[in-house]
Amino acid sequence: MAEEGASAPIFDSVALIGLGLIGSSIARGIRAYGAARRIIAFDSSQEVRARVSALGIADDVVEALAAAARADLVILCVPVGVCGEVARALGPHLSPGAVLSDVGSVKAAVIAQVAPHLPPGVQFIPAHPIAGTEYSGPDAGFATLFQNRWCILTPQPQVDAAAAAKLTAFWTRLGANVETMSAAHHDLVLAVTSHLPHLIAYNIVGTAADLEEVTQSEVIKFSASGFRDFTRIAASDPTMWRDIFLNNKEAVLEMLGRFDEDLTALRRMIRCGDGDGLFALFTRTRAIRRSIVAQGQDTAAPDFGRAAAKNDPPAGR
Ligand SMILES: NC(=O)c1ccc[n+]([C@@H]2O[C@H](COP(=O)([O-])OP(=O)(O)OC[C@H]3O[C@@H](n4cnc5c(N)ncnc54)[C@H](O)[C@@H]3O)[C@@H](O)[C@H]2O)c1
Ligand SMILES: O=C(O)C(=O)C[C@]1(C(=O)O)C=C[C@@H](O)C=C1
């Protein structure tokens with residue numbers, strides 16, 4: 001875990017474009033862990049700019065995108081669907097040698113939309129911190145969001161190794177574990193680990209809401225933690241998620257096809273009374289959950305210091 005003010009700043013100035021959950025968490029993280037000397041903030045929303053000024057989480061809140069382009073590191077923290085238009089407006093103002101990055105949940109489409117607008121010499125290093133919540137906006141951010149979370153970099157082949165090392169050091173300072181991979185691989189992995197689960201949550205909550213006669217008020221009344229976990233995910237930002245599905249279409253559809261096949265197999269097990277099949281699958285998935293908890297990757301995991309519950313793992317795990 002990074003220590004507050006432990007070492008010298010990694011960048012002199014960092015400009016954040018978009019100060020919602022992720023942009024404002026980066027701003028707070030930069031301050032808390034001394035990752036840069038100055039923070040410049042730009043958001044297209046006047047309301048957000050005013051709130052960022054009031055919160056005091058940036059050194060300069062600028063009124064024009066071009067004024068944010070002078071930083072050593074510029075990070076696009078906007079929905080993936082607008083990264084291209086922001087890059088078009090920003091590109092001509094970026095200095096050669098500047099590092100441009102983003103935090104988008106999809107990588108290949110963002111690269112295709114951003115790269116054509118960048119002048120030679122700009123080091124474009126797309127990134128994706130795998131950390132978030134269902135909340136949005138500048139008030140939702142917090143400095144520790146990235147602690148012990150993955151941040152995936154998908155650098156362009158021509159990128160300068162020193163620039164990539166500096167961005168790695170930046171995310172490490174914010175507490176993240178950095179990994180590098182191709183954009184295509186990222187999009188496929190995230191389609192199954194993040195995009196599909198959100199699609200399932202949006203779908204199940206939508207289906208329950210449509211079944212009004214059965215569920216009216218009872219959805220909430222009788223929902224225990226299972227359905228409520230889905231409603232938390234289904235409360236995630238509609239703009240962000242619309243853009244993710246539209247920009248990672250192929251990978252999501254491929255994973256959805258695979259999911260459909262497995263669901264058909266499950267349906268068959270229920271219809272045929274294949275208890276052994278169901279039991280084997282549920283045993284396998286329980287082991288997966290337990291290994292995630294054992295690795296400390298689930299902050300919402302139960303506190304095993306309390307009295308043991310019926311299905312807790314055996315003592316000594
Ligand atoms: N929320 C998460 O869990 C999460 C996690 C990892 C990555 N991401 C990615 O981070 C990005 C931002 O997500 P967020 O959750 O912070 O969203 P958010 O809605 O909280 O914030 C987005 C901000 O961008 C601003 N904005 C929109 N269009 C703009 C434009 N053209 N120019 C300047 N500002 C603009 C909005 O006003 C808003 O303040 C998305 O690309 C998302 O895919 C989100
Ligand atoms: O914790 C949550 O609420 C999230 O949905 C975070 C989550 C994820 O799916 O893990 C969502 C999208 C991002 O691209 C990265 C992280």
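**Entry: ground rules**

I am working with a predicted model, in which local features need pLDDT of at least 70 and side-chain atom pairs count only at pLDDT 80 or more, while totals for chains, interfaces and linings use all residues. Residues are numbered from 1 along each chain as its sequence is written, and chains are lettered from A and ligands numbered from 1 in the order in which they are written.

**Entry: the whole chain**

I looked up the secondary structure and found 12 helices and 9 strands. These are DSSP runs numbered from the N terminus, with helices being H or I of at least four residues and strands E of at least two. Then I checked burial: 35% of the 317 residues count as buried. A residue is buried if 20 or more other C-beta atoms lie within 10 Å of its own, exposed if 12 or fewer, and partly exposed in between, with C-beta atoms placed from the backbone.

For contacts, I used C-beta atoms, placed from the backbone, within 7 Å. Among contacts between residues at least 6 apart in sequence, 76% join residues at least 24 apart.

**Entry: domains**

I noted domain 1 as 11–181 and domain 2 as 185–294; such bounds come from an automatic or database domain assignment. Their C-alpha centres lie 30 Å apart. Domain 1 puts 14 residues into the contact and domain 2 puts in 17. On the domain 1 side I have 7 nonpolar, 5 polar and 2 charged residues. In this scheme Ala, Val, Leu, Ile, Met, Phe, Trp, Tyr, Cys and Pro are nonpolar, Asp, Glu, Lys and Arg are charged, and the others, Gly among them, are polar.

**Entry: the core**

Which residues have the most contacts inside the largest nonpolar core? I wrote down V14, L16, I17, A41, V74 and I75, in a core of 67 residues. The largest share of this core, 6 residues, comes from helix α1 (residues 21–33). Apart from this core lies another, of 5 residues, including L190, A191, V252 and M255. A nonpolar core here is a set of buried Ala, Val, Leu, Ile, Met, Phe, Trp, Tyr and Cys residues joined through C-beta atoms within 7 Å.

**Entry: helix α3**

In α3 (residues 83–90), the buried residues are C83, V86, A87 and L90. Seen down the axis of α3, they fall within an arc of 100°, so they line one face of the helix; the arc is that of the directions from the helix axis to the C-beta atoms. The buried residues of α3 pack against β1 (11–17), β4 (73–76), β5 (99–102) and α4 (108–114).

**Entry: A71**

I found A71 in the loop between β3 (60–61) and β4. A71 is buried, with 25 other C-beta atoms within 10 Å. The C-alpha atoms of A71 and S13 are separated by 5.0 Å, though the two are 58 residues apart along the chain. Leaving aside neighbours within four places in sequence, A71 is in contact with S13, V14, A15 and I40.

**Entry: the ligands**

Around ligand 1 I have 28 residues, the closest being G18, G20, S105, G132 and S136; a residue is near if its C-beta atom, placed from the backbone, lies within 6 Å. By class, this shell has 15 nonpolar, 11 polar and 2 charged residues. Helix α1 gives the most to the shell, with 3 residues. Where does ligand 1 lie relative to the domains? Domain 1 and domain 2 both give residues to its shell, so ligand 1 lies between them.

Around ligand 2 I listed S105, I130, A131, G132, T133, E134, S194 and S236. That shell divides into 2 nonpolar, 5 polar and 1 charged.

**Entry: S236**

S236 is in the loop between α9 (225–234) and α10. I have S236 as partly exposed, with 18 other C-beta atoms within 10 Å. Beyond neighbours within four places in sequence, S236 is in contact with E134, H198 and W241.

Notes:
Two residues are in contact if their C-beta atoms, placed from the backbone, lie within 7 Å.
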